[in-house]
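My notes are below, in the order I took them.

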Amino acid sequence: LSASGLGRVQTTLLFKVVGVSCLYLMVFFKTYLNFHPLILLIPIFVLRTSMMNSTGPLQQSLLMDFVPREVRARWKSLDAVSGFGWSGSAAIGGWLSDRFDYTYTFLITAIVQSIGIGVWTLLLPLVPRNERPRHDALLKEEKIKRSSAP
């Protein structure tokens, strides 16, 4: 989608919105989905997981393209440290599931991810929708240099 002109941020937002919507479906239609797990619950879960996890390369490309070279390692390290959150959130999620229900955990996750989508929307005015490949930009720059040279 990104290559078709939708843009990296727009594609990421679209996939995240679909993924979070699937999570909300799993919360609000729990009773119905429990009776039809093979037909509905499993496909919704697989779609949700696929959509949420498939944007990683786009996110990394945005990080590498828009963070200055001097501080990329710092931002990449921060991104790696955020992966530790998986461990803590899994422990808290297990405790919440035992205490309440798994849908409670899904609801909290959906709310947090919805807030994350809101943060992602802040990138819309900052990142151009239609980006030329760097190779084309370099060729054009070289052509301009040649034409202006005496």
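The entries run from the whole chain down to single residues.

**Entry 1: confidence**

I noted at the start that this is a predicted model. I looked up the confidence and found a mean pLDDT of 82 for the protein chain, with 82% of its residues at 70 or more. Confidence is highest in helix α2, residues 8-28, with a mean of 94. The lowest value belongs to helix α9, residues 134-148, with a mean of 60.

**Entry 2: the chain as a whole**

I counted secondary structure next: the protein chain has 9 helices and 0 strands. I then looked up burial, and 23% of the 150 residues are buried. For contacts with a separation of 6 or more, I found that 71% join residues 24 or more positions apart. I recorded an accessible surface of about 10,500 Å² for the chain. Carbon and sulfur atoms hold 69% of that surface.

**Entry 3: helix α4**

Which residues of α4 are buried? I listed Leu-41, Ile-44, Arg-48, Met-51 and Met-52. Viewed down the axis of α4, these buried residues fall within an arc of 110°, so they line one face of the helix. I checked what they pack against and found α2, α3 (30-35) and α8 (102-121).

I then turned to the other side of α4, where Leu-38 and Ile-39 are exposed. Both belong to a nonpolar surface patch, together with Ile-42, Phe-45 and Val-46. The accessible area of the patch is about 520 Å² in total. I looked up Val-46 by itself: this residue sits in helix α4, residues 37-53. Val-46 counts as partly exposed because its relative accessible area is 44%, between the limits of 20% and 50%.

I also checked Leu-47, which lies in helix α4. Leu-47 is partly exposed, at 39% relative accessibility. I took the C-alpha separation between Leu-47 and Leu-23 as 9.8 Å, for two residues 24 positions apart along the chain.

**Entry 4: salt bridges**

How many salt bridges does the structure hold? I found 2.

In one, the side chains of Asp-65 and Arg-8 meet at 2.8 Å, N to O. This pair links distant parts of the chain, with Asp-65 in helix α5 (residues 56-66) and Arg-8 in helix α2, 57 residues apart. Arg-8 is buried, at 9% relative accessibility, whereas Asp-65 is partly exposed, at 31%.

The side chains of Lys-30 and Asp-101 also form a salt bridge, at 3.0 Å, N to O. Lys-30 is in helix α3 and Asp-101 is in the loop between α7 (85-99) and α8, so the pair ties together parts 71 residues apart in sequence. Lys-30 is partly exposed, at 24% relative accessibility, and Asp-101 is partly exposed, with a relative accessible area of 25%.

**Entry 5: Gln-10**

Is Gln-10 buried or exposed? I placed Gln-10 in helix α2 and read a relative accessible area of 17%. Gln-10 therefore counts as buried, since the cut-off is under 20%. Leaving aside neighbours within four places in sequence, I found Gln-10 in contact with Leu-124 and Arg-129.

I went back to α5 for its buried residues and noted Leu-58, Leu-62 and Leu-63. Seen down the axis of α5, the buried residues fall within an arc of 140°, so they line one face of the helix.

Which residues is Trp-75 in contact with, leaving aside its neighbours within four places in sequence? I found Leu-63 and Val-67. The C-alpha atoms of Trp-75 and Leu-63 are 7.9 Å apart, and the two residues are 12 apart in sequence. Trp-75 is partly exposed, at 45% relative accessibility.

How values were computed: Residues are numbered from 1 along each chain as its sequence is written. This is a predicted model: local features need pLDDT of at least 70, side-chain atom pairs count only at pLDDT 80 or more; totals for chains, interfaces and linings use all residues. Side-chain values use heavy atoms; hydrogens and water are left out. pLDDT is the predictor's confidence in each residue, from 0 to 100. Helices (H or I, at least four residues) and strands (E, at least two) are DSSP runs, numbered from the N terminus. Buried means under 20% relative accessible area, exposed over 50%, partly exposed in between (1.4 Å probe, protein chains only). Contact means heavy atoms within 4.5 Å. Accessible areas come from the Shrake-Rupley method with a 1.4 Å probe; for residues, only the protein chains shown count as cover. Patches are made of residues with over 30% relative accessible area and no salt bridge: like charges are joined within 9 Å, nonpolar side chains (Val, Leu, Ile, Met, Phe, Trp, Tyr) within 5 Å. A salt bridge is a side-chain nitrogen of Lys or Arg within 4 Å of a carboxyl oxygen of Asp or Glu. The arc is that of the directions from the helix axis to the C-beta atoms.
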